[in-house]
Amino acid sequence: MSKIIGLDDMTVEELNQELANGAKFVVFLYCFSIVILTFKRSPEIYFIKSGENTLKKSIKFTLISLFLGWWGLPWGIIYTIQCVFTNLSGGRDVTQQIMAALRQE
């Protein structure tokens with residue numbers, strides 16, 4: 001499993017309390033194109049506390065997509081729009097998947 005950014009040595013009790021208050025695990029997407037090839041990635045998992053703004057965490061991925069993503073046709077444009085929309089909407093929520101993986105460990 002990838003490293004989760006934002007947990008900062010939280011105890012299980014603290015994590016459960018944050019999740020009960022509305023915290024979530026999210027991934028931010030970026031894409032880049034090389035001539036006719038376009039790649040879409042979500043490199044890291046972020047723990048977002050309840051009420052925390054995600055714009056600061058997602059801006060680098062959004063900028064990568066805006067500058068490097070749209071070059072490939074046709075998927076570059078499509079993936080760029082998807083990545084920007086997802087990131088500006090707070091990222092893709094993967095809380096259920098992370099919690100299921102943590103329970104299995």
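Predicted model: local features only at pLDDT ≥ 70, side-chain atom pairs only at ≥ 80, totals over all residues.
1. Beyond its neighbours within four places in sequence, Thr-54 is in contact with Phe-28, Ile-48 and Gly-90.

2. Gly-90, one of those contacts of Thr-54, also deserves a look for its backbone: Gly-90 follows H3 and has a positive phi, near 105 degrees.

3. Now to helix H3 itself (residues 75-88). Its 14 residues should span 20 Å at 1.5 Å a residue, and the end C-alpha atoms are 20 Å apart, so the two values agree.

4. Which residues of H3 are buried? They are Gly-76, Thr-80, Cys-83, Val-84, Thr-86 and Asn-87. Seen down the axis, the buried residues of H3 fall within an arc of 165 degrees, so they line one face of the helix. Their cover includes strand S3 (30-34), strand S4 (37-41), H2 and S6.

5. Helix H4 (residues 95-104) has Thr-95, Ile-98 and Met-99 buried. These cover an arc of only 95 degrees around the axis, which means they are on the same side of H4. The exposed residues Gln-96 and Gln-104 are carried on the face turned away from that buried side.

6. Finally, what covers the buried residues of H4? Strand S1 (4-5), helix H1 (12-20), strand S2 (24-27), strand S5 (45-48) and strand S6 (92-93) are among the elements that do.

Notes:
Residues numbered from 1 in each chain as written. Heavy atoms only, no water. Buried < 20%, exposed > 50% of the residue type's maximum accessible area, 1.4 Å probe, protein only. Helix = DSSP H or I, 4+ residues; strand = E, 2+ residues; numbered from the N terminus. Arc of directions from axis to C-beta. Contact = heavy atoms within 4.5 Å. Expected span 1.5 Å × (residues − 1).
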